[in-house]
Amino acid sequence: MGTLIPARTLKGFRDYLPQMMIPRERIMEIARRVYRSYGFVPIDTPALEYLEILAGKGSEETDKQLYRFQDHGGRWVALRFDLTVPAARFTAQHLNELGTPFKRYHIAPVWRGENTQRGRYREFVQCDFDTIGTHSLTSDIETTLVIHDLLRAIGFREFTIRINNRRVLNGLLERLGLSDRAVLILRALDKWGKIGSEGVKRELEEVAGLTAEQAAEVLRLTEIHGDMDEVLSRAERLVQGSAVGEEGVAELREVVRGAVAGGVARECLIVDLAIARGLDYYTGTIYETFLAALPGIGSVCSGGRYDNLAALFTTQPLPGVGASLGLDRLLAAMEELGMLEAVSTTAPVFIVFFDHQHRDDYLRLAAQLRTAGLAVELYPEPKKLAQQLKYADRRGHRVAILIGEDEFRKGVCQVKDLKAGTQSEVPLDPQCSALIEHLQRLLG
RNA sequence: GUGGCUGUAGCUCAGCUGGUUAGAGCACCAGACUGUGGAUCUGGGUGUCGCGGGUUCGAAUCCCGUCAGCCACCCCA
């Protein structure tokens, strides 16, 4: 008798049980459907890349979080920490076959060796979509529309897409002569929602070394709230004199107007001059999306515009814009909000197994129903009826079909609605057309 | 990565300052009910007290280490 190996998973890595995997796949399917409805096309890339492809591409922080090691051939390799850098490499490598603008989506796991927390894992799935190879703000607008459609399709009504433009921030900092400290300032500013004006002011002065007057100027960004048009005009005054800043405000105005014209509900869209996060490569529009019911979990869909994604891989400039839905974080939120139905079956129809003599009949019936597009599970053995029904009920099957000796003799079947508890007798013709019709009506 | 909290049954937890065979509710399994689930009743504990070591006559309880989860920082999806 050997020693058992403890069954366990690594910190930040998880198993997915059916009741988790079913909604997970459902959301991935929704994301695919929404992306495709805008003409985005799927791609995939390897999980593992040459280290030099990934190292130093995000921020200092993502560099630290990079899983890296030598492979069996002595090559230095790393697991991708996002899908954007691999997309840059991919686009540079296949540019001639792709042509621009290139709209791709990519749903795949990424890895970051950081400390874990609720909604924060070391392996998680991102659902990216990007439009590469165009400067047009139409694509920024479309990105907003996709985020909006996506969250609505998943079932959210109350969420806010916070939108800003890096140029607005850069313009303001330029005007204040603080461009060299942009990173520190944006980092401090970004904490506003958490530590408040006083906290940000302190950090601006102590960490970024701003004077009290400069800090106050920067903080004015956070004081601008309310109506979008009002926010935009005030932003305009704030950056007055800076060409970059004025350009940023103009872009922001155009994107917001376009998004509303394209169908984004006004209450879902907020111009928030204080959002600054995102990886260092963003240069224009930036997006963050928060759930009204659970803002604490962080942004569930972030992104932005970058001027030159693939500068390190090709001399050809490749601007682009896109965003990424954090599937695992979103699911953690939905679980906390009780939005996940406890279903652990993928087949709405359940066939009770009465009698071994009739196995072929059950198999034939199941096949006919599947041909009609219905997902059907046949219980594998003639256990007690009560147990089979209990099993079907627990799993979340919607209807059970009962055919025993009596039914076979009469040429009918019992169709039991497991949710309503009602049952009706349906004739069994050779094509099962009456049954199929009945089931389709029952299942909507 | 830094600091803190937690870890007892499938789940939520109780188990006082160390003391005999480790408990509750829910869930689960079996039966009452060999053709009707969610209800009721009866029966069943389903457990390496996360793991390893130490202190002790004796450890779920105290100490150290480790693994994991959570919280804050950091950063981010």
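Two strands count as paired if DSSP finds at least two bridges between them. In this predicted model, strand β14 (residues 399–402) and strand β15 (residues 412–417) are joined by four bridges, and the two strands run antiparallel. Within this pair, Ile401 is placed opposite Val415 of β15.

Both strands belong to an open sheet of five strands, whose order is β13-β12-β14-β15-β16. The pairing in the sheet is mixed. At the edges stand β13 (376–378) and β16 (423–427). Each of these has a single partner strand, so one side of each has no neighbour in the sheet. From one strand to the next, the twist averages 25 degrees.

A helix accompanies part of this sheet. Helix α13, spanning residues 359–371, lies across β12 (349–351), β13 and β14. Its direction is at about 170 degrees to that of β13.

Helix α10 covers residues 228–238 and helix α11 covers residues 243–261. Their axes are 10 Å apart, and the packing angle is about 170 degrees. Angles over 145 degrees count as roughly antiparallel, so α10 is roughly antiparallel to α11.

On the α10 side, the contact is made by Met228, Asp229, Leu232, Ser233, Ala235 and Glu236. These residues meet Val249, Leu252, Arg253, Val256 and Val260 of α11. By residue class, the contact of α10 with α11 consists of seven nonpolar residues, one polar residue and three charged residues.

Definitions and conventions
Residues are numbered from 1 along each chain as its sequence is written. Chains are lettered from A and ligands numbered from 1 in the order in which they are written. This is a predicted model: local features need pLDDT of at least 70, side-chain atom pairs count only at pLDDT 80 or more; totals for chains, interfaces and linings use all residues. Side-chain values use heavy atoms; hydrogens and water are left out. Axes are lines fitted to C-alpha atoms, for helices over the stretch in contact, and angles run from 0 to 180 degrees between N-to-C directions. Angles under 35 degrees count as roughly parallel, over 145 as roughly antiparallel, 65 to 115 as roughly perpendicular and the rest as oblique. Contact means heavy atoms within 4.5 Å. Ala, Val, Leu, Ile, Met, Phe, Trp, Tyr, Cys and Pro count as nonpolar, Asp, Glu, Lys and Arg as charged, and the others, Gly among them, as polar.
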